[in-house]
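Here is a short report on one protein chain. Keep the sequence and the 3D view open as you read.

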Amino acid sequence: MSGISTHILDLTLGRPAAGVIVRLEQEQDGQWKEVAQSQTDGDGRVRSLLPSVHELRPRRYRIGFATGEYFRAQGIASFYPYVEIAFTVDDPGQSYHVPLLVTPHSYSTYRGS
């Protein structure tokens, strides 16, 4: 089944980042358009960011993570108020899993499976 999913791991605390607001956008005619907004579950995951009424298409997408709000809720100062990851969907028949590894002062990502 194709789609877009994500999960966030808080490397400072060594656990999933629950309750992070996540926004999915797609690029259309040079403009970013919001497709969906969600929140990570207790396991730090959003299992399906793409609404069932929206078809996955070959184009650029961007996931935004409200990391500053997440750390602020824990009483931790964060250098990055927001993290955005842009990526390209080449084959709409595939699944695209985009994880985020985060600390208050760094982040990393990779193409997951």
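The report goes from the overall fold to single residues.

## About the model

This is a predicted model, in which local features need pLDDT of at least 70, side-chain atom pairs count only at pLDDT 80 or more, and totals for chains, interfaces and linings use all residues. Residues are numbered from 1 along each chain as its sequence is written, and side-chain values use heavy atoms, with hydrogens and water left out.

## Overall fold

The protein has one helix and 10 strands. Helices (H or I, at least four residues) and strands (E, at least two) are DSSP runs, numbered from the N terminus. Along the sequence, the pattern reads β-β-β-β-β-β-α-β-β-β-β. The radius of gyration is 14 Å, close to the 13 Å that the globule rule gives for 113 residues, so the protein is as compact as a globular protein of that length. Here the radius is taken over C-alpha atoms, and the rule is 2.2 Å times the number of residues to the power 0.38.

The C-alpha atoms fill a box of roughly 40 × 30 × 20 Å, taken along the principal axes. Of the 113 residues, 40% count as buried. Buried means under 20% relative accessible area, exposed means over 50%, and partly exposed lies in between (1.4 Å probe, protein chains only). A contact means heavy atoms within 4.5 Å. Among contacts with a separation of 6 or more, 58% link residues 24 or more positions apart.

## A four-strand sheet

Strands of a sheet pair through backbone hydrogen bonds, either parallel or antiparallel. In this model, an open sheet of four strands has the order β4-β3-β6-β7, with antiparallel pairing. Two strands pair if DSSP finds at least two bridges between them. The edge strands are β4 and β7, and each pairs on one side only. The twist averages 25° from one strand to the next. For such angles, axes are lines fitted to C-alpha atoms, for helices over the stretch in contact, and angles run from 0 to 180 degrees between N-to-C directions.

How many bridges join β6 to β7? Seven bridges join these antiparallel strands. Phe65 stands opposite Val83 in β7. Arg60 stands opposite Thr88 in β7. The two faces of β7 can be told apart: Val83, Ile85, Phe87 and Val89 form the covered face, while Glu84, Ala86 and Thr88 form the uncovered one.

## The nonpolar core

A nonpolar core is a set of buried Ala, Val, Leu, Ile, Met, Phe, Trp, Tyr and Cys residues joined through side-chain atoms within 4.5 Å. The largest core has 25 residues, and Ile4, Ile8, Val22, Leu24, Ile63, Phe65 and Phe87 touch the most other members. Elements giving two or more residues to this core include β1 (3–10), β3 (21–28) and helix α1 (67–73). The largest share, four residues, comes from β7.

Take Val22 as an example. Leaving aside neighbours within four places in sequence, Val22 is in contact with several residues, including Ile8, Ala36, Val46, Leu49, Ile63 and Phe65.

## Aromatic pairs

The whole structure holds four aromatic pairs. Rings of Phe, Tyr and Trp (its six-membered ring) pair if their centres lie within 6.5 Å; planes under 30 degrees apart count as stacked, over 60 as edge-to-face and the rest as tilted. Tyr61 and Phe87 are stacked, at 6.2 Å centre to centre and 20° between the planes. Tyr61 lies in β6 and Phe87 in β7, so the pair ties together parts that are 26 residues apart in sequence. Tyr61 is buried at 0% relative accessibility, and Phe87 is buried at 13%.

Phe79 and Tyr80 are edge-to-face, at 4.9 Å centre to centre and 85° between the planes. Phe79 is exposed at 58%. Tyr80 is partly exposed at 27%. Phe79, Tyr80 and Tyr107 form one aromatic cluster.

## Two buried residues

Leu50 lies in the loop between β5 (45–46) and β6. Is Leu50 buried or exposed? Leu50 is buried, with a relative accessible area of 10%. Beyond four places in sequence, Leu50 touches Ile4, Leu24, Val35, Glu55 and Leu56.

Thr67 lies in helix α1. Thr67 is buried too, at 3% relative accessible area. Not counting residues up to four places away in sequence, Thr67 touches Tyr80, Pro81, Tyr82, Val83, Leu100 and Val102.
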